[in-house]
Amino acid sequence: MHTRLHKALFPLLRRLSDGRFHSGQALADEFGLSRSSIFNVVAQAETMGLTIHAVRGRGYRLPEPVEWLDGGAVAQLLGSTASAYTIHILDSVDSTNTALMAAALNGAADGTLFCSEHQQSGKGRRGRHWHSVPGGSLTFSTLWRFDNGLQSLAGLSLAVGLAIARAVNRHSRHPARLKWPNDVLVDYRKLAGILVEVQGDMNGAAFAVVGIGINVRLNEAQRDAVDQAVVDLAEMGVTVGRNRLLADCLLELHAVLTLFRQQGFAALRADWLALDAYAGKPVALSLPDARKVQGVASGVDETGAFLLRDAASGLMPYSGGEVSLRLGSGR
């Protein structure tokens, strides 16, 4: 059961994000609420993972300035590429992927983008929950339509990962690398995840809803809620604003998608391999039938399938969204 968010929640957060204190009475007057209602809105924000300083006699403020998402600013940063997207910035949604999937089935155009400050039920791969925080994450989904059927989408999640790593690496001194099939890592800790959901015919019209989540600034509670080692941009010393980062992601995604549409993943394979975090490492694969296989990670083939070298030096391809990859003993 989802908590109904107060209608003043995000307007209040935007007011508090200038770094200055705002008295409870001034906020109550501005938003037409009682002081107790302001207190309740602040309490709701804190349950979402936000830290708000409250000082008697001074009021409330967010300790760190937050750059809130702005569709107009993103479009301006995209320049001529803005025409490839229809940008929707949302305060809160169950899941950007779920909402965009519904819009896609209702005829939404290629390039439709949903980006939300908050997700009630963010979706991760293999049924997991994606943890995010308003102002501390960048979570968005984009819709791409294809004419050549589902069979033409092999390797799409890898292509998306490549684009996101490139966007991050425009701003980071700590290089982002890739984990098959769809994670972006820094020092083997997860910075970003990708969820691709597809529908359509094998050889006709098809579409992909591509969800992307990037950790910008997570607090300890959010890190503890994740079942794997994570890293965020703040820890990496990356200070780029979220609107600029979103624009850079969209620019890189457009460039990658253009090539992918024309030549498939094969045209991007060499660039993906150059950022492969697991190349030459001992790894273990967990397969959908509960089997585990071990070997040495040996890159990916032209369809995006993972290549595993076994003890007999044979090279075996593995593909499918239900395959899980982990480092073996040592790295």
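## Chatting through a predicted fold

Q: Hi! How much accessible surface does the protein have, and what share belongs to carbon and sulfur atoms?
A: The accessible surface comes to about 15100 Å², and 49% of that belongs to carbon and sulfur atoms. Areas here come from the Shrake-Rupley method with a 1.4 Å probe, and for residues only the protein chains shown count as cover.

Q: Before I go on, what sort of model is this, and how is it numbered?
A: This is a predicted model, where local features need pLDDT of at least 70, side-chain atom pairs count only at pLDDT 80 or more, and totals for chains, interfaces and linings use all residues. Residues are numbered from 1 along each chain as its sequence is written, and side-chain values use heavy atoms, with hydrogens and water left out.

Q: Thanks. How many helices and strands are there?
A: The protein has 9 helices and 14 strands. They are DSSP runs numbered from the N terminus: helices are H or I with at least four residues, strands are E with at least two.

Q: And why call it as compact as a globular protein of that length?
A: Its radius of gyration is 21 Å, close to the 20 Å that the globule rule gives for 331 residues, so the protein is as compact as a globular protein of that length. The radius is taken over C-alpha atoms, and the rule is 2.2 Å times the number of residues to the power 0.38. Along the principal axes, the C-alpha atoms fill a box of roughly 70 × 45 × 40 Å.

Q: What percentage of the residues count as buried?
A: Of the 331 residues, 48% count as buried. Buried means under 20% relative accessible area, exposed means over 50%, and partly exposed is in between (1.4 Å probe, protein chains only).

Q: Let's look at a strand. How many residues of E4 are buried?
A: Strand E4, residues 112–119, is mostly covered, with 8 of its 8 residues buried.

Q: Which way does E3 run relative to E4, parallel or antiparallel?
A: Strand E3 (residues 86–93) runs parallel to E4, and 7 bridges join them. Thr 86 has Thr 112 in E4 as its bridge partner. From E3 the chain crosses through helix H5 (residues 96–105) to E4, a right-handed β-α-β crossover. Right-handed here means that, with the strands pointing away from the viewer, the path from the first strand over the helix to the second runs clockwise.

Q: What about E4 and E5, parallel or antiparallel?
A: E4 and strand E5 (residues 137–146) pair in the antiparallel sense over 4 bridges, and Leu 113 stands opposite Thr 142 in E5. Two strands pair if DSSP finds at least two bridges between them.

Q: Switching topic: how many disulfides turn up?
A: A search of the whole structure finds 0 disulfides. The criterion is a pair of cysteine sulfur atoms within 2.5 Å.

Q: Where is Leu 218, and what does it contact?
A: Leu 218 is in the loop between strand E9 (206–215) and helix H7 (220–225), and it is buried, with a relative accessible area of 10%. Leaving aside neighbours within four places in sequence, its contacts (heavy atoms within 4.5 Å) are Val 133, Gly 136, Ser 137, Arg 223, Val 230 and Asp 232.

Q: Is Gln 151 buried or partly exposed?
A: Gln 151 is partly exposed, with a relative accessible area of 43%. Its place is the loop between E5 and helix H6 (156–169), and it touches Met 202 and Asn 203, not counting residues up to four places away in sequence.

Q: Where's the cis peptide bond?
A: It joins Trp 180 and Pro 181, with omega about 0°. Pro 181 is in the loop between strand E6 (177–179) and strand E7 (183–186).

Q: And which residue has a positive phi of about 65° although it is not a glycine?
A: That is Tyr 188, in the loop between E7 and strand E8 (189–200). Most residues other than glycine have a negative phi, and most peptide bonds are trans.

Q: Last one: what do E12 and E13 form?
A: They form a hairpin with 5 residues between them, and Ser 313 in the turn has a positive phi of about 70°. E12 (residues 306–309) and E13 (residues 315–318) pair in the antiparallel sense over 4 bridges, with Phe 306 opposite Tyr 318 in E13.
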